[in-house]
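Biologist: Hi, can you walk me through this model? I'd like to go slowly and ask things as we go.

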Amino acid sequence: MKKKKVDLLQGTLDLLVLKALALEPLHGLGVSRRIEQMTKGTFQVKPGSLFPALHRLEEAGWLQSSWGDSENNRRAKFYRLTKAGQQQLETETEDWQRIALAISSALKAT
Amino acid sequence: MEQEMAEEIDAYLEMLTDAKIKEGLNPTAARRAALIELGGVEQVKEQVREIRMGQTFETIWQDLRYGARMLLKHPGFTLIAVLTLALGIGANTAIFSVVNAVLLRPLPYPESDRLVWLTERHEEIPSRWVSFANFLDWQSRSQSFEALATIRGWQMTMTADGEAQSVNARMVTADYFRVMRAKPLYGRDFQSDEDRFGAPGVTVISQDFWQTQFGGDPELVGRTIILNKQPFKVIGVMPKEFQHQGPPALWVLIDQVAEPGSGWFQRDNRMAGNVIARLKPGVTLEQGRAEMKAIEQQLISEHPMTNGGNVIRMITLQESIVGDTRQSLLLLFAAVGLVLAIACANVANLLLARAVSRQQEFAIRVALGAGRWRVLRQVLVESVLLALLGGALGLLLARWGVDLLVRFAPEDLPRLSGVTIGWPVLTFTLGLCVLTGIAFGLTPAWQVTKTKPQEILKEGGRSASDKRSGGLRSAFIVAEVALAVVLLVGAGLFIKSLARLFASDAGFNAQNVLTMELLLREAYPSRPQLKEFNRQLLEGLHGLPGVEAACLLNDDLPGLEASWQTDINPEINGAYQTINPGELINVDWGIITADYFKTLRIPIKQGRDFTPQEVLQGTAVMLVDEQLARKFWPKGDALGKHIKYDSATPIEIIGIVGNVRAYGNEALGRIKIYTPFGRSPLPRVTLAVRTTSVDATNLVSAIKSEVQAINPNVPISEVATLENRLARTIAPRRFNTWLLGLFAAIALLLAAIGIYGVMSYTVTQRTREIGIRLALGAQPGDVMRLMLTHSLRLALGGLTLGMIASFVLTRWLKSWLFGVSATDPLTFIVISLLLILVALLACFVPARRATKVDPMIALRQG
């Protein structure tokens, strides 16, 4: 199963976004902050990658968006995980763990 | 969408700026830092757009694959739909190829839209040849044209190695090739200083003639050939792409062939032919017409006797070539369009039936958030896919169809050789597929959008929408039947016209008459010699076994288009009228030998035929037809009166013959007079022989030997039976009738299939109801009757609608009909009965199936 570097990152990004929204709905900036926080600073998602990802996930039906007020009383678009999205998060998490396990055992082998 | 994204990005920017300010940056620095971090607003937007674009394509691709899978899952349905569509689209493509090649394609000459065709109209003759004198005046007085030329046909005799051969030539003026902008393949074309009598004869030959006659001899240009016993130097060869009027074997200049001072150049002798011209750049057709109108008026006032009543007619060259066929072709195109509409209705019905069974599938998808538009689009994609499949198969059918069309089309259908399935046709077919796909896809798609997912899922499939779509389905059937009826009525009227034509009496008998043309110009240049030849020939022919009667005439065989006319001045009450210019009485003119009327079985109503002496000596006698006799001497005493026609000599009327009509023309022919051969011996004659046996062909060689026995140097051409020549004149009519009949038959078949389909479906739908009825004691016969009445109601509805439409529409067919009125009751009645019969047959099988319903199973069904 060959995946280009970009694809891998895209798939990973999707997973991270879904995870970021697992607890509560967030707006765009909030998602980016949360991902940075969750990955302990390893991934800093630029808007150029974030917005396409958000729209893609929304098209796929895993996120739902609505306009609301942010903490500074500014209008912002909030994203929320749908039931299908929750399902997808669980599936992708499982997949990811399986892959990670496989790769690390491959690397450990001599 | 764009708006929202812009707002979202703005909001993001604001929040980021706020955060930076909180971190301690001043507002401007914060904003700048935020922008940098954002990475450029436009780029972000662009990236999102790209993703969305990719998604759209992906979804359309998904739709296509899904659609294809659906079609494969129901092969029966797909097969019927594709076949139906293939028939409709294929027929349209075939007819469109012809329409494209004949009507739409521009002519193959450079800037062909600048080329115009000029003729003269006079009274009821719509177009006739122009006289050379008039042409010269047109040429010198007009400013609108780059160049003008005349063109006419001219049979010449080419002698080579002692053998005489008849060649088909065109007589033109020097500017002809300049007008057409045609360049010779080898050599050169005519120069204006050659265009005079006495200049060394020159000719240009066509590439075909060069290859077949001279074997493509490269040394031919510069050599001299003998035409009509005169030397003509071959100065050039025209490429075979140049196809104007034939092309003929060769072109010669009119001035070199016709003697000045001879009848050729008299203003009232219309010998020059037709005029072809090229408009100057920037001059419109209307401007050209206006100028010619002024010139026409000038000429009428200058030469009232010869030009009175002339109207100069100018049309584009394309119009002159294809104008006559346009109406027929458009009629066929409309007819085949109706067939396609019926096919679409059938497929729409099929899809509607399927849509009902797929309602659950659609409802689930909508409930899962697919969005109505998405599902609608998927249905449309499926329909267009179906249409494209049908179109692909239809193209194959069309190829076949085009081959057949070209083979059986009337010979004189212009530009037929260019009928191919090329890019314009393919584009047309593609467009047609997409349109038809959307057209019949709309109904099930509309169906989808009307569904409320909850309703469907609750009731598990069937619902009120079934009834609604049932109404739509019935409407389609009624519409289908109506269209089929219109086509059937049209075809019926055409068929009846054709039958009437064959049965009609045109005033003569064409059976067993052999005709051929003899070119006597070279062999017998003088009048006495011509007369002698004629006498010898007729004598010899009389002796031949198998010959019942023979005669010679000018080439105006009865029933064909007349080209010989003259003006007459009858003696009324003992005096001749003073001729007012423009009021000459123009009549058709037959120049004949004795036995003409016997050969063609035209009855002599009063008086007698010519005697051979009168024919030979050219005595001042003539015969006229009944029309003429009745017109000028209504009391019936025409015999013995006199008519002047080409000179001051009064000619006595010795006989009155029956009227002869142009074949296939309802209108009475023009008045005709018959004068003896000896008065105007012709250098080119038609020989007509009535044979005793049916198979005239073995007599041909006997007749040819007879001619050659008198003079072996007389070329014979155009050997054909009169029946064949007449058949050629109605070939277009036969062609149209055949095609319309075919389309009507296809339409009827499709409508029958449609009725069958709908009835089948109805039976399946109402199985429960039928089961209940049977359980409650209904007889199979009652069920049968129930079904039959349902179908009859549909058929009658369509029939009524179709009949009304036919009543209104057939008035446009009047110009094609012969001996049949546009509202011929017999045709309407026959079609009605035919339709009812077919409708009953179509629903017979489903109705029988209804009677076989097992009530127990039916009741258990949900």
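Predicted model: local features only at pLDDT ≥ 70, side-chain atom pairs only at ≥ 80, totals over all residues.

Biologist: OK, is B:N586 buried or exposed?

Modeller: B:N586 is buried, at 8% relative accessible area. Buried means under 20% with a 1.4 Å probe, protein chains only.

Biologist: And which strand is B:N586 in?

Modeller: B:N586 belongs to strand β16 of chain B, residues 585–592. Strands here are DSSP runs (E, at least two residues), and helices are runs too (H or I, at least four), numbered from the N terminus.

Biologist: What polar contact does the side chain of B:N586 make with B:D567?

Modeller: The two side chains meet at 2.7 Å. The side chain of B:R670 also has a polar contact of 2.7 Å with that of B:N586. The term means a pair of N or O atoms within 3.5 Å; within protein, one must be able to donate a hydrogen and the other to accept it, and residues adjacent in sequence count only if both atoms are side-chain atoms.

Biologist: New topic: how many cavities of 30 Å³ or more are there?

Modeller: The count is 5. A cavity is a set of points on a 1 Å grid over the protein atoms alone where a 1.4 Å probe fits but cannot get out, and lining residues have an atom within 4 Å of a point. The largest cavity has a volume of about 100 Å³, taken as the space filled by probe spheres set on the points, which are joined across faces, edges and corners.

Biologist: Which element gives the most to its lining?

Modeller: α13(B), with 4 residues.

Biologist: Last one: how many aromatic pairs over all chains?

Modeller: There are 24. Rings of Phe, Tyr and Trp (its six-membered ring) pair if their centres lie within 6.5 Å; planes under 30 degrees apart are stacked, over 60 edge-to-face, the rest tilted. A:F51 and B:Y12 have ring centres 5.4 Å apart and planes at 70°, so that pair is edge-to-face.

Biologist: Why does that pair join two chains?

Modeller: Because A:F51 lies in helix α3 of chain A and B:Y12 in helix α1 of chain B. Both A:F51 and B:Y12 are buried.

Notes:
Residues numbered from 1 in each chain as written. Chains lettered and ligands numbered in written order. Heavy atoms only, no water. Buried < 20%, exposed > 50% of the residue type's maximum accessible area, 1.4 Å probe, protein only. 1 Å grid on protein atoms, 1.4 Å probe; cavity = no way out; pocket = protein on both sides within 12 Å on 5 of 7 lines; lining within 4 Å.
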